[in-house]
Amino acid sequence: MIARAKQAYWRTSIHEASQTPEGAWRIAKWARTQSYRPPEPPAMPPLKYSAGVARTTETKAKALSERFYPMVEADLSDITDSTFGDETFQNYKEIDSSVSSEDVAHVLQYCRPWKCPGQDGIPNGILKAMGPPLYQAVAELTTACWRLGTYPEQFKAARTVVLRKPDKDTYEEPGSWRTIALLNTIGKTMEALLACRLSDFAEKEGLLPDAQMGNRPGRSVDTALELLLEQIHTTWHAGGVATVLSLDISGAFDTVNHLRLLNELRTKGLPPWLVRWVQAFLTDRTTTLLIDGTETAPI
């Protein structure tokens, strides 16, 4: 459908331009000088932030960093140990810390092959093309990292593209822009492998609320709508009034305190190796911001 719409738009534009000599010459000039170039992204206007107005790439990066990576205070007085040594874990459940090449192949099976890669320039399609030898290497690397509680520094460096949110009244506010973080694909494979283990553990141990629908097997938007409608009809049949309050908290997880998150994992019975790996995963991460075609220094 998108391809047909683009084709129709192109044909209409050519037809309109061909009605006048000026339009025909304009098309000829474009074909000769610019047709091979990708479309230029819209320029970012000056941004308003706490220190005033950001006009340079450097100050725009500071303004966007305040928005995207805020420092949030949290009450951590109840957490008595932040070392996450083995002796601080009680009544935890074991999770297999070994990874097989079949596990890696399963994860890569569901990855889009040519999504934008990270700083190393290696897309998922290359990992798939390498086949079993690479699967085995990634499996051994992941197993070693999990058991040692470490995450390679190369995988912690991201390249973040800043894009406009659609249909905003003004783009002078940092909140009118969004980010897409481009990460190392092998690192993302390691993340996906752990996400599978966490998801299986959460389902098996009943750690998730019954009404949580997102990112759970066998559940979808349709399931959520069926549950909501059933609750409304039950209330109506009982002679009551059903009221729905909808809140957008999609950005809440971005501001979760890391120490609080790690302590929650420990409290929920996850094993020491997994919590320490997540700690390594969260520590000392960096990113560059790509603004108006210019890449900033690492943040």
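Q: What sits over the ring of Phe281?
A: The charged end of Arg285 does, 4.5 Å from the ring's centre. That label applies when NZ of Lys or CZ of Arg is within 6 Å of the ring centre and within 35 degrees of the ring normal.

Q: And over the ring of Phe89?
A: There the charged end of Arg266 sits over the ring, 5.8 Å from its centre.

Q: What am I looking at, and how are things counted?
A: This is a predicted model, in which local features need pLDDT of at least 70 and side-chain atom pairs pLDDT 80 or more, while totals for chains, interfaces and linings use all residues. Residues are numbered from 1 along each chain as its sequence is written, and side-chain values use heavy atoms, leaving out hydrogens and water.

Q: OK, rings. How many aromatic pairs does the structure hold?
A: Nine. One of them joins Phe89 and Tyr92 edge-to-face, at 6.2 Å centre to centre and 90 degrees between the planes. Rings of Phe, Tyr and Trp (its six-membered ring) pair if their centres lie within 6.5 Å; planes under 30 degrees apart are stacked, over 60 edge-to-face, the rest tilted.

Q: Is Phe89 buried or exposed?
A: Phe89 is buried, because its relative accessible area is 6%. Tyr92 has 32%, so it counts as partly exposed. The cut-offs are under 20% for buried, over 50% for exposed and partly exposed in between (1.4 Å probe, protein chains only).

Q: Back to Phe281. What does it pair with?
A: Tyr151, also edge-to-face, with 5.2 Å between centres and 70 degrees between planes. The two residues are 130 apart in the chain: Tyr151 is in the loop between helix H6 and strand E3, Phe281 in helix H10. Helices (H or I, at least four residues) and strands (E, at least two) are DSSP runs, numbered from the N terminus.

Q: Buried or exposed, Tyr151?
A: Buried, because its relative accessibility is 2%. Phe281 is buried too, at 17%.

Q: New topic: in what order do the strands of the open sheet come?
A: E4-E3-E5-E6, with mixed pairing. Two strands pair if DSSP finds at least two bridges between them.

Q: Which strands stand at the edges?
A: E4 (177-182) and E6 (294-295); each has a single partner strand, so one side of each has no neighbour in the sheet.

Q: How do E3 and E5 pair?
A: In the parallel sense, over five bridges. Arg159 stands opposite Thr288 in E5.
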